[in-house]
Amino acid sequence: MYRLEAGGRAEGEGFTRAPIGTGPFALQGVTPNQSAELVAHQAYYRGKPQIAGISYRFIPSDASRDLAFQNKELDLNYGRADQTWINRVRQIPGVTVDIFEPAELTISQSQHHSAALHRYPRPSGDGARGQSGGAGALARPGCESRGQSPVPRGYLGFSGDNGLLGYDVAKAKALLAEAGYPNGLTIKAIHTQLPEMLNMMQVVQQQLRRAGITLDLQVVEHATFHQQIRQDLSPLVYYAAARFPVADIYLSQFFHGRSIVKTPTAVTNSHIATRPMRRSTRPGSALTGRSN
């Protein structure tokens, strides 16, 4: 929470290091590349926190975090989305491995919750058929059995009745042929080296191959991945995101026309030029405002 000066700028040069909020903990200080220290908010409106503070340590290396956790330097560890890691850590005495919501959803802008084709040279000029062919080649049960919508299950606004394309390799091949690719095609895609995202993209790669689509992955460091997809350098993007559990955030950041990359109002990696209508819970009224 902070006040805005004229022109929409945050008031005060140091507000990012001294934010004002209403949560159970307050930011006491940040040591760059080491930790952020939070202390209990004694007047928290839901009651004083049961712990005095939180020391959030910045440890980017998986191996270093695991070692610190096993040496009891950490009470809580951010683990890897990898079954081998989960199985190994569950064997440590006194350790609980837990998965909690809100869930992270893998999403792209051309097809609901999984990777899909954005752009590539089209002999016939029929991009919609080519994109639908790529989407139909992806088996949702093989990627994420709960994925049914561009809005994650459990989020306010979720609906499974949205016309999501089903898995149909034969139809995918037919649509690609109709789009001018009877022998399939090869797509070069930039992707992150993060194991949990790379593993899933390799599943997508195998599924696309069944329809005659060869996915040539250009694996780069994670920061480079984010930089290059925002420059619109990859025709296919597999993106993972966790947001506040309401539909508006996903629909605005990934599906609103003003969020498209390389535009002044770009947000993440949107390629879709749509304009979803925000509506109030009050009948007959609508909400307006800039997408965030």
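**Salt bridges**

Guide: R65 and D62 form a salt bridge, with their closest N and O atoms 2.5 Å apart; the term means a side-chain nitrogen of Lys or Arg within 4 Å of a carboxyl oxygen of Asp or Glu. The model is predicted, so local features need pLDDT of at least 70 and side-chain atom pairs count only at pLDDT 80 or more, while totals for chains, interfaces and linings use all residues. Residues are numbered from 1 along each chain as its sequence is written, and side-chain values use heavy atoms, leaving out hydrogens and water.

R65 and D62 are 3 residues apart in helix α1, so about one helical turn separates them. Helices (H or I, at least four residues) and strands (E, at least two) are DSSP runs, numbered from the N terminus. R65 is buried at 12% relative accessibility, whereas D62 is partly exposed at 25%. Buried means under 20% relative accessible area, exposed over 50%, and partly exposed in between (1.4 Å probe, protein chains only).

D66 pairs with R88 in another salt bridge, the closest N and O atoms being 3.2 Å apart. This pair links distant parts of the chain, with D66 in helix α1 and R88 in helix α2, 22 residues apart. D66 is buried at 11% relative accessibility, and R88 is partly exposed at 41%. Through salt bridges that share partners, D62, R65 and R80 are joined into one network.

By this rule the count is 4 salt bridges.
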